[in-house]
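Hello,

Here is the structure I promised to pass on. Have a look at it first, and then read my notes below.

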Amino acid sequence: MRWIKRLFGLILIVAIGVGLWVSFALWSGLYSVYSYPPSTRHPQGTTLLVERAEREPMFNSPDRVIPPPPPREKSVGLGFSSGSIRPKPVEKRTIVELPYIEWAYKKSLEPETLP
């Protein structure tokens with residue numbers, strides 16, 4: 001009976017640690033929440049916790065309207081710049097798959113607010 005209490009305590013500590021890590025990773029920009037609404041491809045809908053790509057919002061979905069990027073200034077002469085690197089597909093960045101969370105999907109549709 002005593003080992004059951006210890007096992008429960010260990011599971012509780014691990015769950016709290018995972019919850020704190022995921023909260024920190026979302027807050028710091030390491031992870032992003034990607035939601036697929038119910039459709040023919042995902043009949044029940046799904047929400048994914050993914051590695052965040054560069055300039056990706058915290059809440060994202062395939063239905064998100066992406067504003068056009070700002071125009072680039074043309075430079076004269078030879079210069080070094082980072083080319084536009086395409087992010088890895090969502091399927092390769094997935095950390096964990098969760099059931100469909102409607103508020104996360106609705107949050108992904110909100111327009112981006114600039115600071």
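Strand β2 (residues 46–51) and strand β4 (residues 94–99) run antiparallel, joined by five bridges. Within this pairing, Val50 has Thr94 of β4 as its bridge partner. Please keep in mind that this is a predicted model.

β2 also pairs with β1: the two run antiparallel, with six bridges between them. Here Tyr31 stands opposite Glu51 of β2. β2 is mostly covered, as five of its six residues are buried.

How many residues make up the largest nonpolar core? There are seven: Ala25, Leu26, Tyr31, Val33, Leu49, Phe59 and Ala104. A second, separate core has five residues, among them Tyr34, Leu48, Val50 and Val90. In soluble globular proteins, nonpolar side chains tend to be buried together.

Tyr31 is worth a click in the viewer. Leaving out residues up to four places away in sequence, Tyr31 touches Trp21, Ala25, Leu26, Leu49, Val50, Glu51, Arg52 and Ile95.

Ser32 is another one to look at. Ser32 sits in strand β1 (residues 31–36) and counts as buried because its relative accessibility is 0%. A polar atom of the Ser32 side chain lies 3.0 Å from the backbone oxygen of Met58. Beyond four places in sequence, the residues that Ser32 touches include Leu26, Leu48, Leu49, Val50, Pro57, Met58 and Phe59.

Best wishes

Notes: Residues are numbered from 1 along each chain as its sequence is written. This is a predicted model: local features need pLDDT of at least 70, side-chain atom pairs count only at pLDDT 80 or more; totals for chains, interfaces and linings use all residues. Side-chain values use heavy atoms; hydrogens and water are left out. Helices (H or I, at least four residues) and strands (E, at least two) are DSSP runs, numbered from the N terminus. Buried means under 20% relative accessible area, exposed over 50%, partly exposed in between (1.4 Å probe, protein chains only). A polar contact is a pair of N or O atoms within 3.5 Å; within protein, one must be able to donate a hydrogen and the other to accept it, and residues adjacent in sequence count only if both atoms are side-chain atoms. Contact means heavy atoms within 4.5 Å. A nonpolar core is a set of buried Ala, Val, Leu, Ile, Met, Phe, Trp, Tyr and Cys residues joined through side-chain atoms within 4.5 Å. Two strands pair if DSSP finds at least two bridges between them.
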